Amino acid sequence: MGSQWDLKEAFVSNLNGTTLQEVALGSLIGPLCYLLRGLILILYYRAKGTLVFPHPKISHLLLDFSVLTLPIVLASTVLSSVLLHVTVGLVAVSAGLCCYVNSSPCARRRPNALGAFLQSHVKFRQVPFVTLSRVFVNVITAISILAVDFPVFPRRYAKTETYGTGVMDFGVGAYVFVNALVCPEARRRDDPGSNLTKQLVSVWPLVALGILRLASIKMTGYPEHVTEYGLHWNFFFTLATVRVAASLVFAVFPAGWSWAFAVLISGSYQLALEYPGLKDFLFHSTDRQSSFIHANREGVFSVLGYVAIYMAGVQVGLFLMQPRSRVGQWLPVIVKLLLGSLVLYVALCLCQNLLEPVSRRLANLPFCIWAVAQSLLFISCLAVADGVLLFSAWTSDCGPLPSSWSLGASGKTCDEAEHCLVQAVNRNQLLFFLVANVLTGLTNSVVDTLSCSSGPWIRAQASHPLLSWKVLASAGCRSPPTEAETTERSPEPSGEKPNPRAASGEVRTGRRREMDRWKGRVALVTGASVGIGAAVARALVQQGMRVVGCARNVDKIEKLAAECQSAGYSGTLIPYKCDLSNEEEILSMFSAIKTMQQGVDVCINNAGLAHSEPLLSGKTEGWKNMIDVNVLALSICTREAYKSMKERNVDDGHIININSMGGHRMVPSADEHFYCATKYAVTALTEGIRQELREANTHIRATCISPGIVETEFAFRHHNSDPEKAAAVYESMKCLKAEDVASAVTFVLSAPPHVQIGDVQMRPVEQVS
């Protein structure tokens, strides 16, 4: 057995790696396989109307293994000599299917389809291509650590001895990089001190696994490549040390400085390597007995390089985790990732010519640059593949694909995600990595890998990930509900006095069930940038609706949309710039909604304004502006929303006009008289709309919500020349909040379809009139 172990150790020693181009070419296999799998699911959806196969637990496992894993296994082994042909073949098949999907009669035809697609909104709890990159790195690592002991695995793909670029060398750096993308600092979670405590606690499993691995190797005499990490060190210890070291830095410095620390650490370490002595010590010293450092010099010193890679990953993670809601906002992200990869590859060429080649053993500066550059290229390719799939699903009116973006335009959920192996690995990455290592050790102990032919190897390699996934399934791959999901499901506090039904949850449960019918449907909220409009938009997004929020200035709506997305709300907020005093812009907005969202199901006319223009001395311009926005814009939006509903045979739509108590009684203030007149008009218009809807024999409802004094920016805009007067309005009593009016909107919408709520009048308890 001893001689056999020696042969196995020699088999993975003194290797020089492959070319940068081959590693980059091989990294395209994963994204192409992912794209191919998505296109297959879209074609199946077209044929069957569902994404779930018969016998899903088996069929989806076989699909994911056959399309996502098997091509990688074959390309890295028996087909490695024709890797270019394999890649070109996958590109050709994927391109052909993609053209077929997007050009067949089943694909939707829309004017300016690309522009409408780019304006579409996406929703997700995790950035899909980041998740995919982490999963693929795990899968490739699991394949490689088993395959490296078999002759069918090319020696050029294995870890290099001193200098060189092997596939497994990249895998080590990529593993550190992709895990940094989702660390607490990259996701802006908690305070630095809290993150440090959490990291110190969370690394204990890694330390325990490292100790178990060390003990098992020493007890069984399993062959170990000492020059990889040292006598006692292993990759688990490296991962734990890197995470603790990074957290210590972030406890003092902001995560936004990660790029600076990545450059500083990798550059300083490279300078230290250039001085005589350290590099010779790491490469050529035969002393492994003097101290722990001597025994584990490769593992200890290479930590510096891995910390630099981790810091770079945190910086990229901060960039990727910024809130973005539209498809078009993600295109510059992908371009910047590709440009970043290109710039780093240029820097890598300069470093290799001026300094030294890439060395995973040293984790030197060229290795750090290569690991980050290749990781960015890999992530970019996955993002491109995901974007192509999203467009194909959009044109096919397909539900959200597993492990992919979900268009805000879709109210559907992905049932197949529960059977998706990508999610299974993603939710249990450490367990998957551990199982892969255990199975590799068992295989090496039982099988004579050096003399094994291709047939038995393929069977062993095929069973390897399948067994790993089986363990994940047995452990339960469903993740616990996220904080956003838990919050969304939790009963909201009620301002009403408790009653037996409310205490038992019956009232709220029934109301929630009624709101469920609005999930995925489209609501237009005018004046959605601030105040009542913003609160209504947020409330409807939280209920799962697709909300088009319009205003003259959409910056605040875009910020609100990002907040809704970060909060994990199931709906989507779509900002749209529109001047409601201009009929052409209103008509253009409804045309855009028809193109991107099919039409409007709920129209909430919230926009309104007031000018201090008395009846006897006011300016005509101010009167006209109030009529244009408060009366005409409301009427035009109502007309166009009704047309949209009728065109699509929507018979349960709802038109809600946000009125005012000023529409029911005249305020004793000359500055308010004309404004009140426009609100009296809203009261009359709402009743007129209701009557005309009845005459049209439709079940579309019309409601007027009339709040009293609501603490918003309204008074400050109304009395813009006298901010003290505006402030006095709100200081005189405990006013209504914008959220109170939003609650009234959801209450009206949650009424059963046969119930018509004509008018809701609400005011602060302390308000006199």
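**Note on the structure**

1. **Cysteines.** The sulfur of cysteine 349 lies 9.5 Å from the closest cysteine sulfur, which belongs to cysteine 351, and this is too far for a bond. In cysteine 603 the closest cysteine sulfur is that of cysteine 637, at 5.4 Å, again too far for a bond. A disulfide is a covalent bond between the sulfur atoms of two cysteines; here the term is applied to a pair of cysteine sulfur atoms within 2.5 Å. The structure holds zero disulfides. Cysteine 349 is partly exposed at 42% relative accessibility, whereas cysteine 603 is buried at 0%. Buried means under 20% relative accessible area, exposed means over 50%, and partly exposed lies in between, with a 1.4 Å probe and protein chains only.

2. **Basis of the values.** This is a predicted model, in which local features need pLDDT of at least 70 and side-chain atom pairs count only at pLDDT 80 or more, while totals for chains, interfaces and linings use all residues. Residues are numbered from 1 along each chain as its sequence is written, and side-chain values use heavy atoms, with hydrogens and water left out.

3. **The chain as a whole.** The protein chain has 32 helices and nine strands. These elements are DSSP runs numbered from the N terminus: helices are H or I with at least four residues, and strands are E with at least two. Of the 769 residues, 54% count as buried. Contact means heavy atoms within 4.5 Å. Among contacts between residues at least 6 apart in sequence, 78% join residues at least 24 apart.

4. **The sheet.** In what order do the strands of the open sheet of seven strands stand? The order is β5-β4-β3-β6-β7-β8-β9, and the pairing is parallel. Two strands pair if DSSP finds at least two bridges between them. The edge strands, each pairing on one side only, are β5 (572-577) and β9 (759-762). Neighbouring strands are turned by 15° against each other on average, with direction ignored.

5. **Two strand pairs.** Strands β3 (residues 522-526) and β4 (residues 546-551) run parallel and are joined by five bridges. Leucine 524 has valine 548 in β4 as its bridge partner. Strands β8 and β9 also run parallel, joined by four bridges, and cysteine 704 has aspartate 759 in β9 as its bridge partner.

6. Helix α25 (residues 531-542) lies across β3, β4, β5, β6 (602-605), β7 (654-658) and β8 (701-707), at about 165° to β3. Helix α29 (residues 673-695) lies across β7 and β8, running at about 160° to β8. Axes are lines fitted to C-alpha atoms, for helices over the stretch in contact, and angles run from 0 to 180 degrees between N-to-C directions.

7. **Helices α13 and α18.** The axes of helix α13 (residues 258-274) and helix α18 (residues 365-395) come within 8 Å and cross at roughly 150°. The two helices are therefore roughly antiparallel to each other. Angles over 145 degrees count as roughly antiparallel, under 35 as roughly parallel, 65 to 115 as roughly perpendicular and the rest as oblique. Ser266, Gly267 and Gln270 in α13 meet Leu365, Pro366 and Cys368 in α18. By class, this contact has three nonpolar, three polar and no charged residues. The nonpolar class holds Ala, Val, Leu, Ile, Met, Phe, Trp, Tyr, Cys and Pro, the charged class Asp, Glu, Lys and Arg, and the polar class the others, Gly among them.

8. **Histidine 654.** Is histidine 654 buried or exposed? Histidine 654, found in strand β7, is buried at 1% relative accessibility. Leaving aside neighbours within four places in sequence, its contacts include Trp518, Cys603, Thr703 and Val748. Histidine 654 and valine 748 are 94 residues apart in sequence and 9.3 Å apart in space, C-alpha to C-alpha.

9. **Positive phi values.** Most residues other than glycine have a negative phi. Glutamine 598, in the loop between α27 (583-597) and β6, has a positive phi of about 75° although it is not a glycine. Asparagine 649, in the loop between α28 (620-647) and β7, has a positive phi near 55°. Glutamine 598 is partly exposed at 33% relative accessible area, and asparagine 649 is exposed at 71%.
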